[in-house]
Amino acid sequence: MSTNRFLGRHEWAIPTGLILLALVPVVAGVVRTVELSGDPTVTPGNARFVADPGPVLVHIVTASVYCLLGAFQFMPGFRRRRPGWHRVAGRLLVPTGILAALSGMWMAAFYPLMPIDGAFLIGLRLFFGGAMAGCIVRGLRAIVRRDVSRHRAWMIRGYAIGQGAGTQFLTHLPWLVAAEPPGEWTRAFLHAAGWLINLAVAEWIIRHGSATPAGPGRPSVPVPVDSGAATDADGGGPRTPLRSAGRFSPWTSRRRSPLG
């Protein structure tokens, strides 16, 4: 069964799963926000946040919005019924995603190093934070050029990285159940595994999309977003032919997006 056919039949399965994946980090963020909004007792685990709460609060809010709102972008039927949804949501997802990535990088670089965090883990956070921001920027540039296929590919990759905390909870789960914290190197590899698992799933989604199934009176024709054509040299997925030679802006265009 093709990716699009599965999404058409189980439209709510994907966003529901993504919201559940983000649930633990979002709840943890809410707890941290409530803690910092009062007069918290300073502990080794929260001392850096109490001393400088701004970056972590920015990260909690933007990452939560990005992961929860972004889940609904994986509903092609919903986009067809609400053609303005994808464009409006994107206006919010782009800045929140970039802010989530940059605030995470700031915390990795400037907050005091925790005893369980080594330099390798800090490097991973900086690398994947930069990669997330870069994916979102490249996705935005692609849609400005009306290259929908590459826009789709880069935005899926950026979202996969942004959902890393949820998968990292699952990779850490055996150690949480055993009540035995992992060592410095194990912890770093468990974090890396979370990001890499998400990116592997993202690449599968990007590479295995196919034609949209035909409906009544609707011919079955390939949709550019899910074309099976060879990928271009930039690695952004199949290239979508431009439909107009004019300048295109995702913020002002009223033309129906090929995404939905």
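Contact here means heavy atoms within 4.5 Å. With that cut-off, Thr-167 touches Leu-21, Gly-194, Ile-197 and Asn-198, not counting residues up to four places away in sequence. Thr-167 has its place in helix α9, which covers residues 164–177. Is Thr-167 buried or exposed? Buried means under 20% relative accessible area. The value for Thr-167 is 7%, so Thr-167 is buried.

**The whole chain**

This is a predicted model. The protein chain has ten helices and zero strands. Read along the sequence, its pattern is α-α-α-α-α-α-α-α-α-α. The chain has 260 residues, and 44% of them count as buried. Its accessible surface comes to about 13700 Å². Carbon and sulfur atoms hold 68% of that surface. Take the contacts with a separation of 6 or more: 71% of them are between residues 24 or more positions apart.

**The nonpolar cores**

In soluble globular proteins, nonpolar side chains tend to be buried together. How many residues does the largest nonpolar core have here? It has 27 residues. Tyr-66, Leu-124, Met-132, Ile-136 and Tyr-159 have the most contacts inside it. Several helices each supply at least two residues of this core: α4 (53–70), α6 (85–110), α7 (119–144), α8 (148–162) and α10 (184–207).

Ile-136 is in contact with Tyr-66, Val-94, Gly-97, Ile-98 and Met-155, leaving aside neighbours within four places in sequence. Two of these partners deserve a visit.

Ile-98 is found in helix α6. With a relative accessible area of 22%, Ile-98 is partly exposed. Beyond four places in sequence, Ile-98 touches Ile-136 and Val-137.

Met-155 is found in helix α8. Leaving aside neighbours within four places in sequence, Met-155 is in contact with Tyr-66, Val-94, Ile-136, Gly-139 and Leu-140.

The table gives both pairs.

| Pair | Separation in sequence | C-alpha to C-alpha distance |
|---|---|---|
| Ile-98 and Ala-133 | 35 residues | 5.1 Å |
| Met-155 and Gly-139 | 16 residues | 5.4 Å |

How many residues of α8 are buried? The count is 15 of the 15, so α8 is largely enclosed by the rest of the structure. The expected span of a helix is 1.5 Å times one less than its number of residues. The 15 residues of α8 should therefore span 21 Å, and its end C-alpha atoms are 21 Å apart, which agrees.

Arg-146 is found in the loop between α7 and α8. Arg-146 is buried, with a relative accessible area of 10%. What about its backbone? Most residues other than glycine have a negative phi. Arg-146 is not a glycine, yet its phi is positive, about 65 degrees.

**Aromatic rings**

The structure holds twelve aromatic pairs. Which residues do ring pairs link into a cluster? They are Phe-49, Trp-106, Phe-110 and Tyr-111. The charged end of Arg-157 sits over the ring of Trp-154, 4.6 Å from its centre.

Terms used. Residues are numbered from 1 along each chain as its sequence is written. This is a predicted model: local features need pLDDT of at least 70, side-chain atom pairs count only at pLDDT 80 or more; totals for chains, interfaces and linings use all residues. Side-chain values use heavy atoms; hydrogens and water are left out. A nonpolar core is a set of buried Ala, Val, Leu, Ile, Met, Phe, Trp, Tyr and Cys residues joined through side-chain atoms within 4.5 Å. Buried means under 20% relative accessible area, exposed over 50%, partly exposed in between (1.4 Å probe, protein chains only). Helices (H or I, at least four residues) and strands (E, at least two) are DSSP runs, numbered from the N terminus. Accessible areas come from the Shrake-Rupley method with a 1.4 Å probe; for residues, only the protein chains shown count as cover. Rings of Phe, Tyr and Trp (its six-membered ring) pair if their centres lie within 6.5 Å; planes under 30 degrees apart count as stacked, over 60 as edge-to-face and the rest as tilted. A charge sits over a ring if NZ of Lys or CZ of Arg is within 6 Å of the ring centre and within 35 degrees of the ring normal.
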